[in-house]
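Dear colleague,

A summary of the findings follows it.

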Amino acid sequence: MTVTVEGKMVDRRTIVLDQPLASGQNEVIVRLKEKTVRTKIPMPEPFVLKIAETDIEELAS
């Protein structure tokens with residue numbers, strides 16, 4: 001009997017399953033969830049420096 005479970009890849013050789021496997025299963029198929037994609041947005045340098053200045057001032061307080 002084949003069982004399908006969902007999981008995610010931790011690294012190239014490790015898969016973490018969302019649910020435990022039942023005992024006595026002969027074959028398991030794992031469907032991997034899609035990774036969330038991070039999007040880089042270009043920002044003008046003066047804007048980034050202004051935010052960094054504010055953060056540094058708050059940390060110093």
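The model is a predicted one, and its mean pLDDT over the chain is 76, with 89% of the residues at 70 or more. Where pLDDT is low, the predicted coordinates should not be read in detail.

Helix α1 comprises 16 residues, 45-60. Its first and last C-alpha atoms are 22 Å apart, close to the 22 Å expected at 1.5 Å a residue. The helix is hardly covered, as the count of buried residues among its 16 residues is 0.

The surface also carries a nonpolar patch of about 420 Å², made by M9, I15, L17, L21, V28 and V30. Strands β2 (15-17) and β3 (27-32) are the elements that give two or more residues to this patch. One of the patch residues, I15, lies in strand β2. I15 counts as partly exposed because its relative accessibility is 39%, and the range for that class runs between 20% and 50%.

The loop between β2 and β3 contains P20. Is P20 buried or exposed? With a relative accessible area of 75%, P20 is exposed, since the cut-off for that class is over 50%. The C-alpha atom of P20 is separated by 8.8 Å from that of V5, although the two residues are 15 apart along the chain.

With kind regards

How values were computed:
Residues are numbered from 1 along each chain as its sequence is written. This is a predicted model: local features need pLDDT of at least 70, side-chain atom pairs count only at pLDDT 80 or more; totals for chains, interfaces and linings use all residues. Side-chain values use heavy atoms; hydrogens and water are left out. Patches are made of residues with over 30% relative accessible area and no salt bridge: like charges are joined within 9 Å, nonpolar side chains (Val, Leu, Ile, Met, Phe, Trp, Tyr) within 5 Å. Accessible areas come from the Shrake-Rupley method with a 1.4 Å probe; for residues, only the protein chains shown count as cover. A salt bridge is a side-chain nitrogen of Lys or Arg within 4 Å of a carboxyl oxygen of Asp or Glu. Helices (H or I, at least four residues) and strands (E, at least two) are DSSP runs, numbered from the N terminus. Buried means under 20% relative accessible area, exposed over 50%, partly exposed in between (1.4 Å probe, protein chains only). The expected span of a helix is 1.5 Å times one less than its number of residues. pLDDT is the predictor's confidence in each residue, from 0 to 100.
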